[in-house]
Each structure stands twice: as C-alpha cells, then as structure tokens.
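This document walks through one protein chain, beginning with a single side chain and widening from there. Please keep the sequence and the model open while reading.

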Amino acid sequence: MSHTPNFDSKLQALLDATTPGERVCRISDERWLLTPEEIDRCRAWGVPPSPYAPTMRLKLLAASAAGVDLWWRPHALTQKPILSSSDPDALAPVVTDDEWYTLDDGSAHGFSADAERPFFEQYVKLIPLIPMQANYSTGSENCIGGGFEKCVNGFMIFGSFTLQDCWYTFRSKSDERCMDVAFVAYSQDCFSCCMADRLHGCTQVFDSLDCINSQFLFDARDCESCFCSTNLRRRKYVFMNEQLTKDEYERRMSEIDLGCSSVFAKWKEIFHQLLATQAVWPEAFSINSPGCVGDYLLNCLDSSGWYMDDARDVRGGWMVFGQSSHSEAIVVARSAQDAYMSAGVLGSQNVKFSLVSKDSTALEYCNNCRDCENCFGCHSLRSKKFHIFNKPYSEEEYWKTIDALKCAMLDRGEYGQWFPPVVSNWRPETGFASIVSPLTDVEIARLGLTPFDPKSAMRFAPANNQAVGNLAEVPDCIDQVGAEWANVPFDDVSQARRFNVSSREVEFRKERRYPFPKSHYRARLTELVRQINGPETESRPCAKCQKAMTVNKNQMFPDRTIYCMDCFYTFIESRG
C-alpha cells in the first residue's frame, strides 16, 4: 500500500498530462528531449520531470559537494578561528570533527512542518541552529584537509582515503609519500600525477597503470624508465617516443633537472604539445564495463557516467563506487542503492534529493544525516526515525504529514527541485564541480548568487595582514631554496588566494627534487584534473574511420585526436 496516496494521485495526473518533447533547462538554457522513457522512469521513481537538463542535474549536485579549499571560520562555541573545509559564509556553524560527535543529535531544534509555507523557506531555518563538522574527517592522525578518512600525516588532502605522508591530494586513496596528485591510487613517491593507479617514483603521469620511475607519460601500461612519451605498453628506456639503449637514456636524463622550476615548466609545455598534436586518445578509458556509456568506468554494468567502479544500473553517476546499484543522477556515492538526484550517498538506500546521507534509509530532502530512517527535510540529524524538520512523529502521523507536504510542494513546483545554494556548505565556485565541471558565471547568477570573493573569504585568517613575498625572487632550483623562503606568504593572483611553503615541505621537495611551487595548490590540482577527460560528453567522429562516438570532453585538450576502440586497439598493436 502507498503511504502517500494523495501525492501519488497528483503525481500520476501530472505525468499522464506530460507530453514528450524538447525542454529548456532553467539554469543553463540547454535544450534536451524529454522522452517517453524518461517519463516512465519518473513514474518508477515517484518524481516529476526534472526542470534541469541531464548534465545540469549532475553539475548542481557536484556544486553542492566538497571541493579543495580550506578557510578559517569561527568556532561555533568559542568563536576562535579554526580551519574548515566549508565556506566562511555558509549558514551552518562549525565545530571540530571530534566535537561534533559529542554534541546533541540535532533533534533539539526540530519544529512542526507547515504544508502551506514554502518548503525551502522552512528548511533553511534549521541550518544556523546545528553545528556541522569543520572538516568531515574520520579515523585520521595528524592531517589537514577535508573529507578524508583513515589517513596519517597528510597536508591539504581532500576526499582521500588511507593515505600516508601525502601532500595536496584530491580524491585519491592508498597512496604513500605522494604530492600534488588527483584520482591516483595505490601509488608511492609520485608527484603531479592524475588518473593513474599503481605508480612508483613517477612525475606528470596521466591515464596510466603500473609504471615505475617515469616522467611525463600519457596512456602508459607496465612501463619503466620512460620520459615524455605516449601510448606505451610494456616499454623501457623510451624518450620522446624514441626507443633508446639504457646508457643513452640515462645520459639524456642526467641532463634534465626537474627540480628546477624553469626546466619542469619547459618539459611540461613540450608534453602538453605532444598530447595535443601526437597522442592518440581512446574513445574511453573504461575497463570491463559492458553495456556502459561514459569514461573511467571499471567493472561496471549497464551504467552511464564518469569515474565509477563496480556500479550496476546507475544512470548518470559521477564518482560512484562500492557496489552501488539502481540509481540515477548521483554524485560521490559509495554502496548506494535506489538513490535519485542526490550527492554524498554513503552506505544508504532509497534516498532522494539529499546531500550527504550516511548509513541511512528512506530519506528525502535531507542534509548531513547519519544512521537515520524515514526522515524528510532534516538537517544534521543522527540515529532517528520518522522525523520531519528534525521533529519526531509517530509512524502514522509521519506519513500523513509527508503526504500533505509533498502534495503542496508538487503544487508549488518545489518537489523535484534541488536545494538552493544556501543549504550547502560549499558554493559552486568552491565545491567539487568547480574542479571537474565548473558552472558558468551566468549559471551561478541564475542560482541567485553574487560573485564569490576569495580575498573576503580570508577575513577570519589570523595572519591575514602579513606581508607577501615575491615569487620571482625565489631561486629557480629547489636545492638553492634556503630556509628564508619557508612560511613566506605568496599571492596567486589567478586564484585570488594566498599560499606558503612550510620548512617541512621545502625539505620534502629537496629530498625528491620537486620544484618549488609557483601557484596555489588549488590551481595545481585543477590543472591536473583538466588534463584528463571530464564528466561532460560530446559527439565526435573517430579520427581514423569517422565512426560516430559519444566521448567525454577534455577541458585542456578539446581538439585532441580520438580513435574509436577498434581503431585504437589496432593502433596500439601497430606500436608493438
């Protein structure tokens, strides 16, 4: 039996009256076709047709998820500045992660739902009342960053797991002694790499697996001691795609000192030119994913999306892992089932229009709820059932109230919309989307936001008025950088952010001959991510046979040479 018969009847009438055809996204102006198949899926999910184009649905979710910034914010109880991954203007106050678990469970601030009032207007009332975690971290030691778990000795690590002695990471796992890496796993002693697994001693390696002591590689597998080359398989001593002897390779490498910023920048420019003009890109980098559309899919089945592992029947997912299944429009999920239009779905089932749900079941329009079941419109609630706006209800009264609320929301056009930006702790300019698929200024303005000012966001920083150094005066080679440059603040004008390099980091870079950074870590991580294929798609012909393909866009190399998989495999075989 239905728990919400009145809503179901209203929705059925709405869907019966909905005709397929072209729609225009209210945020992006993108045109897309609402198909009979999508209308049928709306019936199955119990939702109205989305007002957003398919790609915009995912971008809105990603814009609400955590990015790579840290800010000083006042502690909710002491008002002393603490580091937080959430924006300084976020409505939710913050406390340290350890403190958050000792506070009340969120139910002390509940209030009665009013179906006659706009839903989001009521929901926003909860946000300033309940402190949230400053950094969303668990089980870690001596770490600074956001959204990390089971890490040790990490500095500026974001969305990362089981790292040790790492610096500046984004969405990486099980790495050791790595610096400036994004989407890198099971790797050691690597620098400035992205979308790669099982690397050791590598620098600027992308879209590659199982490589050792190599620099500036793209699409390499099982390679060792290779430099500035592309599309390699089981090779050794390759320099600029030329096979050398061991002695000649080592002689050439002895003349290259990547610890000098100018040398590193020179070879990065050469490498980027190689990627743009000579490298061959496959239709997709997916592995063992039958019936799937998208890129960076591993062991998936009948799914579409970007960067997913072990997903089944997931339609439109970005970063979905851990046996997730039967879901649509989800971003950053692990062990998620029956989730629709949600972000941060972790070990949860039957979740709709929710942000950060952990180990929960049957949530709608909830944010940061954990171990909850049958909750609607709740914020930062823990271990509760049958709550609306953080207030408890009997099971019978809960469903009666939900039926009335959802009917009113459907009549007002609210049900099916995503949360307004004020609900999230992250703005579109700082959230996950800002790195992988940023919204335009026009789209941000249509969300009702004024331009974001990073300098204003630094107003709580304790040393905000400290004089800045001149990056042009820093020695070119890392071994010439003295102690006087440690802890000196620098301005990154392109990011409108400041950064410095600690004495410990200077020593780490000297030990491994990594160059002194010339930009804020956000700029470095963003550049890494934009060198790989992103989550948005486009139609392209195969550069070899002209077969029509749907491929993922690349922000840095939009005009790259792409082969369909058949032509790509033939090309790889021709190279031995």
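This is a predicted model: local features need pLDDT of at least 70, side-chain atom pairs count only at pLDDT 80 or more; totals for chains, interfaces and linings use all residues.

The side chain of Tyr-521 reaches the backbone oxygen of Val-68, at a distance of 2.6 Å. Is Tyr-521 buried or exposed? Its relative accessibility is 6%, and since anything under 20% is classed as buried, Tyr-521 counts as buried. From Tyr-521 to Thr-19 there are 502 residues in sequence, and their C-alpha atoms are 48 Å apart in space.

Tyr-521 belongs to helix H13, which runs over residues 521-530. How many of the ten residues of this helix are buried? Eight of them are, so helix H13 is largely enclosed by the rest of the structure.

With a relative accessible area of 0%, Ser-86 is buried. Which side chains does the side chain of Ser-86 meet in polar contacts? One is the side chain of Arg-73, at 2.9 Å. Another is the side chain of Ser-84, at 2.8 Å. Once residues up to four places away in sequence are set aside, Ser-86 touches Arg-73 together with Trp-71, Val-94, Ala-134, Asn-425 and Trp-426.

Next comes the backbone. Most residues other than glycine have a negative phi. Arg-171 has a positive phi of about 50° although it is not a glycine. Arg-171 is placed in the loop between strand E9 (164-170) and strand E10 (179-185). It is buried, at a relative accessible area of 12%. Gln-204 likewise is not a glycine and has a positive phi of about 50°. Where does Gln-204 lie? It is part of strand E12, which covers residues 203-212. Gln-204 has 0% relative accessibility and therefore counts as buried.

Finally, consider the chain as a whole. It contains 14 helices and 33 strands. Its radius of gyration is 25 Å, close to the 25 Å given by the globule rule for 576 residues, so the chain is as compact as a globular protein of that length. Along the principal axes, the C-alpha atoms fill a box of roughly 80 × 60 × 35 Å.

Of the 576 residues, 56% are buried. Among contacts with a separation of 6 or more, 42% are between residues 24 or more positions apart. How far apart are the mean positions of the positive and negative charges? The chain has 61 positive and 76 negative charges, and their mean positions are 1 Å apart.

Key: Residues are numbered from 1 along each chain as its sequence is written. Side-chain values use heavy atoms; hydrogens and water are left out. Buried means under 20% relative accessible area, exposed over 50%, partly exposed in between (1.4 Å probe, protein chains only). A polar contact is a pair of N or O atoms within 3.5 Å; within protein, one must be able to donate a hydrogen and the other to accept it, and residues adjacent in sequence count only if both atoms are side-chain atoms. Contact means heavy atoms within 4.5 Å. Helices (H or I, at least four residues) and strands (E, at least two) are DSSP runs, numbered from the N terminus. The radius of gyration is taken over C-alpha atoms; the globule rule is 2.2 Å times the number of residues to the power 0.38. Lys and Arg count as positive and Asp and Glu as negative; His and the chain ends are not counted. The place of a charge is taken as NZ of Lys, CZ of Arg, CG of Asp or CD of Glu.
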